[in-house]
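Me: I'm new to this one. Can you walk me through it, bit by bit?

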Amino acid sequence: MLKRTYAFTSKDLRLSLSGGQGLVQAVLLGLLLIFMFSLSKPMGGLVSPQAAGAIFWLASAFGLVLVFNDLFAIEEVNGARIGVLSSPAPVHAVWIGKGVAGLSLLLISQLVFLPATIAFLGQVIYGPWWLICVTLVGADIGLVVIGALLGALSQGQAARESLLSVIVFPLLLPVLLAGISLFGMCFDPGVAEGCDKWLGLIFAFDCLFAGAGLFLFPFVYSGEE
């Protein structure tokens with residue numbers, strides 16, 4: 001299964017990076033959101049650390065939708081999804097492969113969003129770098145677990161293409177709230193307290209929806225169009 005998961009991941013990354021549509025759209029939309037929110041601050045004023053964290057994760061959430069719409073659209077061209085379902089590869093390999101590919105693309109886009117947040121919103125990273133890294137990886141895993149599950153549900157019919165963006169945001173509220181709070185701590189010169197509770201929420205969210213994805217994805221991906 002690991003070999004087939006790697007095959008799906010490498011295939012999706014190769015096609016996505018060669019076309020560049022999903023990743024480029026995600027990066028451009030995220031940068032546009034960060035820049036537009038930077039215009040709302042008063043002249044000479046500063047954006048609060050909590051607000052800066054919210055803008056960063058809002059850009060990441062919109063980028064997630066574009067990335068997974070693009071990843072799952074790959075199989076919809078010429079009915080390739082039927083060929084994937086007819087192959088001996090387990091369906092879970094598709095979910096894990098697209099999750100790893102989506103995580104890679106999301107991290108690439110966030111490597112652009114974080115410097116843009118610091119530059120446009122006037123932030124300084126005071127918190128420990130380990131907290132930034134753990135928050136990014138932990139919260140991103142929660143984002144891609146949901147994205148990889150609901151991305152399959154939103155494909156197959158033109159009328160369902162916007163379904164991912166409608167359903168995904170309410171489900172992502174817990175992990176987004178944790179990411180915003182932890183980034184607010186890292187942008188604040190004060191002592192970061194209570195970060196363990198927010199990290200615990202992220203870990204619980206990841207475990208819960210990873211289990212739900214393992215159970216539900218075969219039914220969602222192989223459903224009738």
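Predicted model: local features only at pLDDT ≥ 70, side-chain atom pairs only at ≥ 80, totals over all residues.

Me: How much space lies in the largest pocket?
Reply: About 170 Å³. A pocket is an open set of points on a 1 Å grid over the protein atoms alone, where a 1.4 Å probe fits, with protein on both sides within 12 Å along at least five of seven lines. The volume is the space filled by probe spheres set on the points.

Me: What classes are the lining residues?
Reply: Eight are nonpolar, one is polar and none is charged. Ala, Val, Leu, Ile, Met, Phe, Trp, Tyr, Cys and Pro count as nonpolar, Asp, Glu, Lys and Arg as charged, and the others, Gly among them, as polar.

Me: New topic. At what angle do helix 5 and helix 8 cross?
Reply: Roughly 120°, with the axes coming within 9 Å. Helix 5 is therefore oblique to helix 8. Helix 5 covers residues 91-120 and helix 8 covers 195-221. Axes are lines fitted to C-alpha atoms, for helices over the stretch in contact, and angles run from 0 to 180 degrees between N-to-C directions. Under 35 degrees is roughly parallel, over 145 roughly antiparallel, 65 to 115 roughly perpendicular, and the rest oblique.

Me: Which residues of helix 5 meet helix 8?
Reply: Val91, His92, Val94 and Trp95. Among their partners in helix 8 are Phe217 and Tyr221. Contact means heavy atoms within 4.5 Å. By class, this contact has eight nonpolar, two polar and no charged residues.

Me: And helix 2 with helix 3: how far apart are the axes?
Reply: They are 8 Å apart, at an angle of about 160°. That makes helix 2 roughly antiparallel to helix 3.

Me: What about helix 3 and helix 5, at what angle do they cross?
Reply: Roughly 145°, and their axes come within 9 Å. The contact has 14 nonpolar, five polar and two charged residues.

Notes. Residues numbered from 1 in each chain as written. Heavy atoms only, no water. Helix = DSSP H or I, 4+ residues; strand = E, 2+ residues; numbered from the N terminus. 1 Å grid on protein atoms, 1.4 Å probe; cavity = no way out; pocket = protein on both sides within 12 Å on 5 of 7 lines; lining within 4 Å.
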